[in-house]
Amino acid sequence: MYTLTDVTKTYDGRHQVTALDRVSVTIPDGQMVAIEGPTGGGKSTLLQMLGALDVPSSGTVTLDDIELSGARESQLQQVRAERVGIVFQNFNLIPTLSALENVQMALVPLGVSAHDSKQRSRAALEQVSMGDRADHLPSELSGGQQQRVAIARALVKSPRVLLADEPTGNLDGPMRDEVLQLLHEAWRAQSLTVIMVTHDSRVAASAQRRLRIAHGHLTKLSGGPRKGGRKNGLLDRPDSDDPRSGQMGPGATDHGPLNGQSGQRQPSGARDVASPEADD
Ligand SMILES: Nc1ncnc2c1ncn2[C@@H]1O[C@H](COP(=O)(O)OP(=O)(O)OP(=O)(O)O)[C@@H](O)[C@H]1O
Ligand SMILES: [Mg+2]
């Protein structure tokens, strides 16, 4: 579980920028959250705090029992290596390494043996339907395929949390839907907490909870801190927490929960009724 209390991040460069302004929010384990907002609003900065890539100027960020905001660099490294998988918008694959080797990189800090590393990485590539491309370089893959490898790299360590910055940002049409489906499959199967930054309304509408950040201020669009805010959506994970009982509806990649089948969509004016995020 994440607990953020009065998190402020100020960049002191030639111009001082307050990227996050007293952000407070609780994100329970297993929730799927979308973070929306205008460019420069603070979305990536927030992900960096959640991913232990940076620490706030003031306020506290805790993940489970660890206060990230006060942790030593070695502790932050351990959190990044073990608990958090990150999918970056521009994939961040190493161009000289094959797909398999890129995925294996995530296991290096964990000291996994060469044999196990290969086995686990191959399984992760299979999971994202990229098993037959293990030996390809990133330049030999399409954008959607590179994104799949990046997702495999984030998932191979079996993290507690998956953070994704614009996971469908560079994709269009069917590829976008396939990547979204993959994220939902991983969420269901691995009991992950998934936090996605997105400009894509389809991605946002598929989440249990929608937050918006603009000018560093976090507001709530829909859903709440309680796990399982939306019920019976085609992409929802069942409350039973039994991953085997989860089913992706057949229409999910065509229209998914965005066609109104989920039963509890927000009214189209939801953006206009954003309220300050306050956890009950
Ligand atoms: N390293 C940095 N140094 C100085 N200012 C920064 C730095 N990183 C981000 N900022 C500033 O912080 C603010 C928030 O940036 P952030 O990258 O979080 O926005 P964003 O919501 O992710 O935008 P986008 O949708 O364009 O990716 C912006 O005004 C940006 O200029
Ligand atoms: Mg960004």
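Tutor: Before we start: two strands pair if DSSP finds at least two bridges between them. Strands (E, at least two residues) and helices (H or I, at least four) are DSSP runs, numbered from the N terminus. This is a predicted model, where local features need pLDDT of at least 70, side-chain atom pairs count only at pLDDT 80 or more, and totals for chains, interfaces and linings use all residues. Residues are numbered from 1 along each chain as its sequence is written, with chains lettered from A and ligands numbered from 1 in the order in which they are written.

Student: Fine. How many helices and strands does the protein chain have?

Tutor: Seven helices and eleven strands.

Student: Start with β9, then. What does β10 do with it?

Tutor: β10 (residues 217-222) runs antiparallel to β9, with five bridges joining the two. Within that pairing, Leu218 of β10 sits opposite Ile213. The two strands make a hairpin with two residues between them, and His215 in the turn has a positive phi of about 50°.

Student: Which way does β3 run against β9?

Tutor: Parallel: β3 (residues 32-36) is tied to β9 by four bridges. One pair to look at is Ala34, which faces Arg210 in β9.

Student: Why is β9 largely enclosed?

Tutor: Five of its six residues (209-214) are buried, so β9 is largely enclosed by the rest of the structure. Buried here takes 20 or more other C-beta atoms within 10 Å of a residue's own, with C-beta atoms placed from the backbone.

Student: And over the whole protein chain, what percentage counts as buried?

Tutor: 42% of its 280 residues.

Student: Switching to the open sheet: in what order do its four strands come?

Tutor: β2-β1-β4-β5, with antiparallel pairing. β2 and β5 (66-67) are the edge strands, each pairing on one side only. β1 (residues 2-12) meets β2 over eight bridges in the antiparallel sense, and Asp12 is placed opposite Gln16 in β2.

Student: Give me the residues: what surrounds ligand 1?

Tutor: Tyr11, Gly13, Val17 and Ala19, then Gly37, and then the run Thr39, Gly40, Gly41, Gly42, Lys43, Ser44 and Thr45. The cut-off is a C-beta atom within 6 Å of the ligand.

Student: OK, α6 now. Which of its residues are buried?

Tutor: Arg176, Val179, Leu180, Leu183, His184, Ala186, Trp187 and Arg188.

Student: What covers them?

Tutor: The cover includes β3, α5, β7 (161-165), β8 (193-197) and α7 (201-205).

Student: Last topic, the largest nonpolar core. Which members touch the most others?

Tutor: Out of 64 residues, Ile35, Val103, Ala152, Leu162, Leu163 and Met196. Helix α5 (residues 143-155) contributes the most to this core, six residues. A core here joins buried Ala, Val, Leu, Ile, Met, Phe, Trp, Tyr and Cys through C-beta atoms within 7 Å.

Student: Take Leu163. What is it in contact with, leaving aside neighbours within four places in sequence?

Tutor: Leu47, Leu50, Gly51, Val84, Ile86 and Ile195. Contact means C-beta atoms within 7 Å.

Student: And what percentage of the chain's contacts between residues at least 6 apart join residues at least 24 apart?

Tutor: In the protein chain, 67% of them do.

Technical notes
Buried ≥ 20, exposed ≤ 12 C-beta atoms within 10 Å, placed from the backbone. Contact = placed C-beta atoms within 7 Å.
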